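Reader: I am new to this structure. Could you walk me through the place where the ligand sits, then the backbone?

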Amino acid sequence: MASRQIQPKRSSRAILSIAGDKSISHRAAIFGSISEGVTTVENFLTSDDCLNTVNAMRMMGVAIEREGATLSITGVGLDGLRVADDVIDVGNSGTGIRLLTGLVAGQKFNTVLTGDASIRRRPMDRIIQPLRQMGATIHGEGGDRLAPLRVTGSSLNGTHYRSPVASAQVKSCVLIAGLYANGETTETEPSLSRDHTERMLMGFGATVTRDGLTVTVAPRPSMRGMRVTVPGDISSAAFFIVAGLILPDAEIVIENVGVNPTRDGIIEALKAMGADITLERERVMGAEPVADLRVKSSELSGAEFGGDLIVRMIDEIPILALAASQASGTTVVRDAEELRVKETDRIATISSELAQLGVQVVPSPDGFTITGKQKVRGGACSSRGDHRIAMTAAVAGLVAETPVTVSEIECIYTSFPTFWEVLSQI
Ligand code: S3P
């Protein structure tokens, strides 16, 4: 297994460009495939996770050509998919398996979906339940809670599903299945999760309406191929935002970052801690707001985070923990129990791996407490197979007293294949 050593730094002046958004890339590959005509996707994230989704669509008969980060998808329309001749393997991707299961539930053929060891441990009952409510036939392992998932294509009924979790994967799974249902499909979530599915489906011609936390999709839309330009991923940018803030002498510009209000919780949280982050050249790219972010070294102070803000920054909480360790005073994160069912149990892995580098994190059932400002001693830690833990540890290495060695770094390719190149520009 590969490892990498990161040397400490003091200062940086850099203009960075970040890879495309993972969530938006998955959706573009799926929606382009089931639309009529050609969809061109620019700045597609060519990470393992998103390429596995492309592969899944190819296995179901869709012609997708890729040149670098540009996809050309010849859509087959809502009813043009065909049975895959093998098990669909999503690799490490929760978004992949949950959205694709929604897609295949209403087909006229059967599908088996699985993924790596991490995927096979993550909860799938959260999608099996609503899909069954729509009339789907799905069986999983572990009492129908885990992948592999065996899906028998069925005719689906529109439904109103009230999700107990604020999850864009659950919401998207239900809405995608709803495209194939015989009536309107509605989902209500406890707090607003990322809305890329809603925005992009409307762009492709589907009818999606929102009333507060409730969203409804009309069945059997006529979807037409289009051009999608994927903004930079704020979840990837977050590592370099925090690097810019905690290096003693830094000014970093990160260009073309998606700042969708359902995703920008990390900016709000860091600003509440005293971060100097400015949004420049704010504009709209397709259905998504985008900006350049200017980040300057900042004296951070601890703060308390919980409630609706957590879902708007759920993937950024590992790197927020590192920022908290470099802030004076105490930071508390609560209401983040969803971290326990990510690629790893992130409350556990944030605590154990930052401890290896000399940073104390006090875990709680739904979050953690960190009191700073702490010294990052340096040393060796593991990603535990989790890309966001690997990248958090690498950024910790920039502000450590001695070099940091991170092992099991291959997982970074699931979301941010150019991470090391961008880090070297810092
Ligand atoms: C995602 C939704 C979130 C997020 C994941 C990507 C998506 O997961 O953590 O990285 O693309 O819909 P949940 O839906 O489980 O909250």
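**The ligand and its surroundings**

Author: This is a predicted model.

Reader: How far is an oxygen atom of the ligand from an N or O atom in the side chain of serine 167?

Author: A polar contact needs a pair of N or O atoms within 3.5 Å. The side chain of serine 23 has such an atom 2.7 Å from a ligand oxygen. Alanine 168 uses a backbone N or O atom, 3.0 Å from an oxygen of the ligand. For the side chain of serine 167, the distance is 2.6 Å.

Reader: What share of the ligand's exposed area does the protein bury?

Author: Start with the ligand taken alone: it exposes 390 Å². The space taken by the ligand is the largest pocket. Of the ligand's area, the protein buries 96%.

**The backbone**

Reader: Where is proline 148 found?

Author: The peptide bond leading from alanine 147 to proline 148 is cis. Its omega is near 0°. Proline 148 belongs to a strand spanning residues 146-152, namely S9.

Reader: What is omega for the cis peptide bond from glycine 372 to lysine 373?

Author: Lysine 373 is in the loop between strand S21 (367-372) and strand S22 (379-382). The peptide bond from glycine 372 to lysine 373 is cis, with omega near 5°.

Reader: What is phi of asparagine 43?

Author: Asparagine 43 sits in the loop between strand S3 (36-42) and helix H2 (48-59). Its phi is positive, in a residue other than glycine. The value is near 60°.

Conventions:
Residues numbered from 1 in each chain as written. Predicted model: local features only at pLDDT ≥ 70, side-chain atom pairs only at ≥ 80, totals over all residues. Heavy atoms only, no water. Polar contact = N/O pair within 3.5 Å; in protein donor to acceptor, adjacent residues only side chain to side chain. Areas by Shrake-Rupley, 256 points an atom, 1.4 Å probe, with all protein chains shown as cover. 1 Å grid on protein atoms, 1.4 Å probe; cavity = no way out; pocket = protein on both sides within 12 Å on 5 of 7 lines; lining within 4 Å. Sits in = over half its atoms within 2 Å of the grid points. Helix = DSSP H or I, 4+ residues; strand = E, 2+ residues; numbered from the N terminus.
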